Amino acid sequence: MEMKECVIIDGVRTANARAHAEKGWFKEVTPHQTIGAVYKALFERNPKVKPEDIDVVIIGTANPSGLQNDIGRIAWLVNGLPDTVPSQTVQNQCPSGMIAFMDAARAIMVGEADFVIAGGAEDMEKVAMGSGMVIPDELWDRYSPFEIPMGYTAEKVAALYDISRADMENMAIYSHKKAFAATQAGKFKKEIVPIMGKDGDKEFLVDRDQWIRETLEPEKMAAMKTPFKGEGRVTAATSSPLTVGAAGLLLASREKADELGLSYTYKYAFGTQVGNDPTVMGMGPELAIKKIFEKTGLTPADIGTYEINEAFASQALACIRQTGIDKANAPFDRVNTWGGALALGHPLGESGARLIVTLINVMKTDFPNEKYGIATLCGGFGNGVGVLIEKV
Ligand SMILES: CC(C)(COP(=O)(O)OP(=O)(O)OC[C@H]1O[C@@H](n2cnc3c(N)ncnc32)[C@H](O)[C@@H]1OP(=O)(O)O)[C@@H](O)C(=O)NCCC(=O)NCCS
């Protein structure tokens with residue numbers, strides 16, 4: 001059978017809220033409601049596609065336990081969608097939402113599916129990072145237990161690649177500045193599905209990301225303590241915050257999309273997974289970007305823009321420097337031009353899908369003549385992922 005093309009019909013997300021029991025705007029919202037809002041919005045925005053048309057729903061989450069147990073399926077059912085549509089939950093740490101997207105695209109390309117919803121959801125307050133996880137002793141024999149936790153990997157990358165605290169803080173400042181400017185300009189309106197949340201006791205429609213700061217005080221940032229390592233460089237300001245959110249995309253085979261008269265601008269072109277030493281897992285995007293170039297023959301000159309997850313400023317900056325895809329310091333011209341996870345937040349399993357949703361929005365809005373865009377992120381235990389999107 002001939003390989004099909006997988007086109008991207010639409011992509012949406014909820015706002016990202018702080019994962020905080022008192023301050024978090026989604027403190028009373030469940031992951032079933034966030035990803036449910038994504039499902040509903042995709043059907044409302046694309047009325048020609050009915051829930052029954054979906055061949056499979058694939059949702060990533062980094063911690064599929066408690067409220068996030070089989071989140072893809074249970075959220076589909078609790079939101080009243082047809083039980084005849086199968087769904088699955090994917091776990092691959094932070095890349096979960098991107099792996100869901102790649103699985104969906106591949107199913108369409110080999111002809112197993114015509115319509116797929118792929119996405120990710122995470123509530124890091126109600127299902128804490130790493131909760132319930134049991135690490136076998138053999139892993140501690142192979143890698144130091146002090147070097148596996150995420151914050152420690154960020155410190156190790158900062159030291160190995162000589163990323164100064166000042167450069168990380170500068171990156172965080174620009175991440176917020178760009179995210180704030182994009183929010184003010186209404187650019188995220190095309191991708192954020194507003195849902196009800198609470199600020200204290202006050203209910204309101206949450207249509208913007210909670211963590212973005214309008215003003216930053218460099219002196220205050222420079223004085224912040226380093227939570228992961230006594231003599232370290234990484235702070236809460238240069239780490240992505242604990243966050244809540246969901247994102248999803250509607251994908252279709254090009255022929256079915258044409259049959260229904262659906263419009264689309266981009267297709268899935270290529271996806272790659274890379275593995276590396278878990279103690280420097282943050283370098284995943286460097287390897288993923290290099291592997292995309294190696295396997296496709298493209299070069300940085302071919303890429304319009306990149307969305308690189310800012311799990312930590314240290315690893316995102318080291319990846320940008322190691323690949324040479326942009327300047328050595330923020331502000332960047334082609335990377336995270338509407339800000340990154342340092343400002344937008346990083347709800348683990350959601351982010352892989354959110355990066356693609358934002359990449360498409362950024363490309364359509366600010367890089368309409370560019371053919372290619374790349375979204376990539378690192379993952380705990382050393383699994384990195386990257387995807388290449390192509391204008392059709
Ligand atoms: C770094 C980390 C430990 C901090 O957690 P925390 O101590 O609970 O703190 P918060 O994120 O709530 O931030 C602490 C304070 O610093 C403040 N702060 C953060 N950035 C700031 C900045 N740029 N300027 C001033 N204050 C700042 C926050 O506002 C907060 O104070 P508030 O509650 O009064 O608003 C946590 O965010 C973390 O673990 N992040 C990484 C998550 C991760 O590993 N993800 C996976 C990546 S692979």
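**Entry 1: aspartate 70**

I began with aspartate 70, which sits in the loop between β3 (56-60) and α2 (71-78). I take helices (H or I, at least four residues) and strands (E, at least two) as DSSP runs, numbered from the N terminus. Residues are numbered from 1 along each chain as its sequence is written. I kept in mind that this is a predicted model, where local features need pLDDT of at least 70, side-chain atom pairs count only at pLDDT 80 or more, and totals for chains, interfaces and linings use all residues.

I looked up the backbone of aspartate 70 and found phi near 40°, a positive value in a residue other than glycine. Most residues other than glycine have a negative phi, and most peptide bonds are trans. The cut-offs I used: buried means 20 or more other C-beta atoms within 10 Å of a residue's own, exposed means 12 or fewer, and partly exposed is in between, with C-beta atoms placed from the backbone.

I turned to phenylalanine 381, in the loop between β11 (372-377) and β12 (383-391). Its phi is near 75°, positive in a residue other than glycine. I counted phenylalanine 381 as partly exposed, with 17 other C-beta atoms within 10 Å.

Next I checked a peptide bond. The one from alanine 330 to proline 331 is cis, with omega near 5°. I placed proline 331 in the loop between α10 and α11 (341-344).

**Entry 2: helix α10**

How many of the 11 residues of α10 are buried? I found 9 of the 11 buried, so α10 is largely enclosed by the rest of the structure. Among the buried residues are Ala313, Leu317, Cys319, Ile320 and Thr323. I then looked at what covers them: the cover includes α5, α6 (165-184), α9, β10 (303-308) and α11. Just after α10, I noted that glycine 324 takes a positive phi of about 65°.

**Entry 3: α5 against α10**

I looked at how α5 (residues 150-160) packs on α10 (residues 313-323): the angle is about 40° and the axes are 8 Å apart. Axes are lines fitted to C-alpha atoms, for helices over the stretch in contact, and angles run from 0 to 180 degrees between N-to-C directions. The two helices are therefore oblique to each other. Angles under 35 degrees count as roughly parallel, over 145 as roughly antiparallel, 65 to 115 as roughly perpendicular, and the rest as oblique.

Which residues of α5 and α10 meet? Ala154, Val157 and Ala158 in α5 meet Ser314, Gln315 and Ala318 in α10. Contact here means C-beta atoms, placed from the backbone, within 7 Å. I sorted the residues of this contact into 4 nonpolar, 2 polar and no charged. Ala, Val, Leu, Ile, Met, Phe, Trp, Tyr, Cys and Pro count as nonpolar, Asp, Glu, Lys and Arg as charged, and the others, Gly among them, as polar.

**Entry 4: the ligand**

I counted 17 residues around the ligand; the closest are Met150, Ala236, Ala237, Ser239 and Ala311. A residue counts if its C-beta atom, placed from the backbone, lies within 6 Å of the molecule. The shell divides into 11 nonpolar, 5 polar and 1 charged.

**Entry 5: threonine 296**

Threonine 296 counts as partly exposed, because it has 15 C-beta neighbours inside 10 Å. Not counting residues up to four places away in sequence, threonine 296 touches Phe270 and Leu388.

Terms used. Two residues are in contact if their C-beta atoms, placed from the backbone, lie within 7 Å.
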